[in-house]
Amino acid sequence: MSTPTARSVALELIGRVIDDGAYSNRLMPSLLARSGLDARDRAFATELAFGTLRRRLVLDASIERVANRPLDKVTPPEARNALRLGAYQLSVGVAPHAAVSATVDRRLASAPIAPPAGAGVDAIAARTGMRPWAIEELQRLVGDDAERAAAALASRGPLSIRVVGGAAALAAVRGELEAAGVTVTASSLHDGCLILEEAGDPRALPGFTEGRWTVQDQASAFVVEALGPEPRDRVYDACAAPGGKALFAVERVGPEGAVLATDVSPRRVRLIAESAARLRAAPWLLAHDAARPAVAGSFDRVLVDAPCSGLGSARRRPELLWRVPKERVSALAARQLAIVTAAEGALAAGGRLVYAVCTFTRGETDAVCDALLRTRPALRPVATDGPDGPAERHRLWPHRHGCDGMFVAAFERAS
């Protein structure tokens, strides 16, 4: 077998994400771990793979125009992905050195295609790599800011971490990271988070192995703040994997509180257990279908971070820019409503429920909340603090708040 290179690792990831439906953020760490590449080549492989996935739609259009045939007619699939990777390398000024794409590469290099001008949906989609239907959603939500929002979602996000243990621990961790040569800035959204630039593999940084901090976007930490767990509270996290919010809640409720973290997948519940062991946290864990819950009792706080189209997390999973078809949104919304409706049954009188999704489509956000209020008259919206002031529903954006895209709505049950 040939020795892995940055390019071969990138090609494997691209193929498994595009052709097999894998998730880039889950697969890449295992591919790199077994590659034997040094830190520099690992970073290069990640840039090649994620950059190609991020620009897939743009690259495909460019290749088809010079190849004079649809890309899906190019066989085998490995050849299509080599073309994509070669086109991406050309677009960032790196010679691809791939015989399978030499002819197309020469045509692309000699006649590069300029991004289309104009403010239309298709032009913005072509410039950003996001599906036109998603651009239309953005235009309805943020108007003239739609392209800025799409471009931010299509960019690579910095690493966000949440430090365990309060202000003193935060200062200590920041000092150790800076001493290790990492550029660190304070989070503008959550005072327990730090933003790390060009940090490399987070598992190799000071404090990770010891459980002093965990990788968590500041938007995710914001969700827990909106939930507001307090010491001694009982918390039910209905869709908890990979566990960042549930483990933050464990810290907030303290040793006399309790957090039940559940997920439909036993494998993903094991991921929560692994993170909990590293952070020395002890949530209760359960694998079940949250739409048909195996949960009894009443909880002071209930969190539903529902499965969704994921468009708001495209900075870290670039395939989400193009993977989800518009037709799937209604099915996702129905699933979300089923989960949050079932979870509401576990909420104590006077308790708070938070519904969150890392997306922005109206069908998965406002429409779900409106339907929940129609079917559960004991619930009432409640305002929580946010970066734009108190609100019953918050929309977080990378181009405005520097975090992943997130929708967060809070409700309380009448006493």
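How far is the sulfur of Cys193 from the closest cysteine sulfur, and in which residue does that sulfur lie? In this predicted model, the closest cysteine sulfur is in Cys403, at 10 Å, too far for a bond.

**Cysteines**

A disulfide requires two cysteine sulfur atoms within 2.5 Å, and the count by this rule comes to 0.

Buried means under 20% relative accessible area.

**Aromatic rings and arginines**

A search of the whole structure gives 4 aromatic pairs. One of them joins Tyr236 and Phe299, with 5.5 Å from centre to centre and 40 degrees between the planes, a tilted arrangement. This pair links distant parts of the chain, since Tyr236 belongs to strand 5 (residues 234-237) and Phe299 to strand 8 (residues 299-305), 63 residues apart. Both Tyr236 and Phe299 are buried.

The ring of Phe299 also has an arginine over its face: Arg234 lies there, at 4.9 Å from the ring centre. A second case involves Phe248, where Arg252 lies over the face at 6.0 Å from the ring centre.

An open sheet is formed by 4 strands in the order 2-3-1-4, with antiparallel pairing. Its edge strands, each pairing on one side only, are strand 2 (183-186) and strand 4 (213-215). From one strand to the next, the twist averages 35 degrees. Strand 2 and strand 3 (residues 193-197) run antiparallel and are joined by 4 bridges. Thr183 has Glu197, in strand 3, as its bridge partner.

**Helix 8**

Helix 8 spans residues 132-142, and its buried residues are Trp133, Ala134, Ile135, Glu137, Leu138 and Val142. An α-helix has 3.6 residues a turn, so residues three or four places apart point the same way. The cover over the buried residues of helix 8 includes helix 7 (121-128), helix 9 (146-153), helix 14 (328-344) and helix 16 (398-401). After helix 8 comes Gly143, which has a positive phi near 60 degrees.

How values were computed. Residues are numbered from 1 along each chain as its sequence is written. This is a predicted model: local features need pLDDT of at least 70, side-chain atom pairs count only at pLDDT 80 or more; totals for chains, interfaces and linings use all residues. Side-chain values use heavy atoms; hydrogens and water are left out. Rings of Phe, Tyr and Trp (its six-membered ring) pair if their centres lie within 6.5 Å; planes under 30 degrees apart count as stacked, over 60 as edge-to-face and the rest as tilted. Helices (H or I, at least four residues) and strands (E, at least two) are DSSP runs, numbered from the N terminus. Buried means under 20% relative accessible area, exposed over 50%, partly exposed in between (1.4 Å probe, protein chains only). A charge sits over a ring if NZ of Lys or CZ of Arg is within 6 Å of the ring centre and within 35 degrees of the ring normal. Contact means heavy atoms within 4.5 Å. Two strands pair if DSSP finds at least two bridges between them. Axes are lines fitted to C-alpha atoms, for helices over the stretch in contact, and angles run from 0 to 180 degrees between N-to-C directions.
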